[in-house]
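Hi everyone, thanks for coming.

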Amino acid sequence: MAQKPELDRVDRALLSALSRNARASGAALAAEVGVAESTVSLRLRRLQSLGTVRGYHVDVDLASLGVSLQALIAIRLVKHDRSEIDAFRNAVPHLPGVLGVFHMAGAEDYLLHVAARDAEELREFVLAHLTGHPAVAHTETNLIFEHVEGDGWQQLVG
């Protein structure tokens with residue numbers, strides 16, 4: 001198991017500031033954290049190289065693009081053959097409309113978060129990519145009426 005990196009007060013303050021505004025300038029981050037801008041730059045590179053900061057992402061309003069339907073699709077695999085699981089896991093994140101993939105314990109093996117323009121596109125996704133897949137035994141689609149992004153992870157930065 002990989003060793004967890006040691007994060008000090010400055011690292012945690014920097015992560016906290018980035019969680020509020022990942023587009024903040026180095027100068028703004030330095031002022032908020034109370035260190036030199038060069039320290040911010042060095043710390044950010046270190047946090048990135050450690051894998052603590054994995055990236056910076058744009059948050060797109062899919063509905064503004066005409067993609068107004070989202071669903072969670074529970075998937076049960078036919079069998080737990082390593083090569084089939086790996087092939088499924090490697091292909092699924094790249095299917096059209098897939099926003100997230102969760103490999104789970106319990107009755108279902110995977111949970112896919114997907115987006116579609118309408119119910120017909122969602123139905124076509126399930127039929128074209130899941131029900132015909134040799135590794136998939138069963139799917140159950142649940143529509144998402146509302147999604148609220150959580151920020152409780154910020155308290156874990158501590």
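Let's begin with H2 and H3, which are roughly perpendicular to each other, a label that covers angles of 65 to 115 degrees. Helix H2 spans residues 26-33 and helix H3 spans residues 37-50; their axes cross at roughly 100° and come within 8 Å. Axes here are lines fitted to C-alpha atoms, for helices over the stretch in contact, and angles run from 0 to 180 degrees between N-to-C directions. On the H2 side the contact uses Gly26, Ala27, Leu29 and Ala30, and on the H3 side Glu37, Val40 and Leu44. Contact means heavy atoms within 4.5 Å. Sorted by class, that gives 5 nonpolar, 1 polar and 1 charged residues. Ala, Val, Leu, Ile, Met, Phe, Trp, Tyr, Cys and Pro count as nonpolar, Asp, Glu, Lys and Arg as charged, and the others, Gly among them, as polar.

A quick word on what you are looking at. This is a predicted model, where local features need pLDDT of at least 70 and side-chain atom pairs count only at pLDDT 80 or more, while totals for chains, interfaces and linings use all residues. Residues are numbered from 1 along each chain as its sequence is written, and side-chain values use heavy atoms, with hydrogens and water left out. Helices (H or I, at least four residues) and strands (E, at least two) are DSSP runs, numbered from the N terminus.

H3 has another partner, H1. The axes of H1 and H3 come within 11 Å and cross at roughly 85°, so H1 is roughly perpendicular to H3. From H1, Val10, Asp11, Leu14, Leu15 and Leu18 meet Val40, Arg43, Leu44, Arg46 and Leu47 of H3. This contact has 7 nonpolar, no polar and 3 charged residues.

UniProt, in an unreviewed entry, lists residues 7-68 as "domain: HTH asnC-type"; such annotations may be inferred rather than shown by experiment. That span is 55% helix and 0% strand, and its end C-alpha atoms lie 40 Å apart.

The largest pocket has a volume of about 2000 Å³.

Strand E3 (110-116) and helix H5 (119-131) each give two or more residues to its lining, and H5 gives the most, with 4 residues. Here the lining has 8 nonpolar, 2 polar and 2 charged residues, with Phe125 and His129 among them.

Terms used: Angles under 35 degrees count as roughly parallel, over 145 as roughly antiparallel, 65 to 115 as roughly perpendicular and the rest as oblique. On a 1 Å grid over the protein atoms alone, a cavity is a set of points where a 1.4 Å probe fits but cannot get out, and a pocket is an open set with protein on both sides within 12 Å along at least five of seven lines; lining residues have an atom within 4 Å of a point. Grid points are joined across faces, edges and corners, and a volume is the space filled by probe spheres set on the points.
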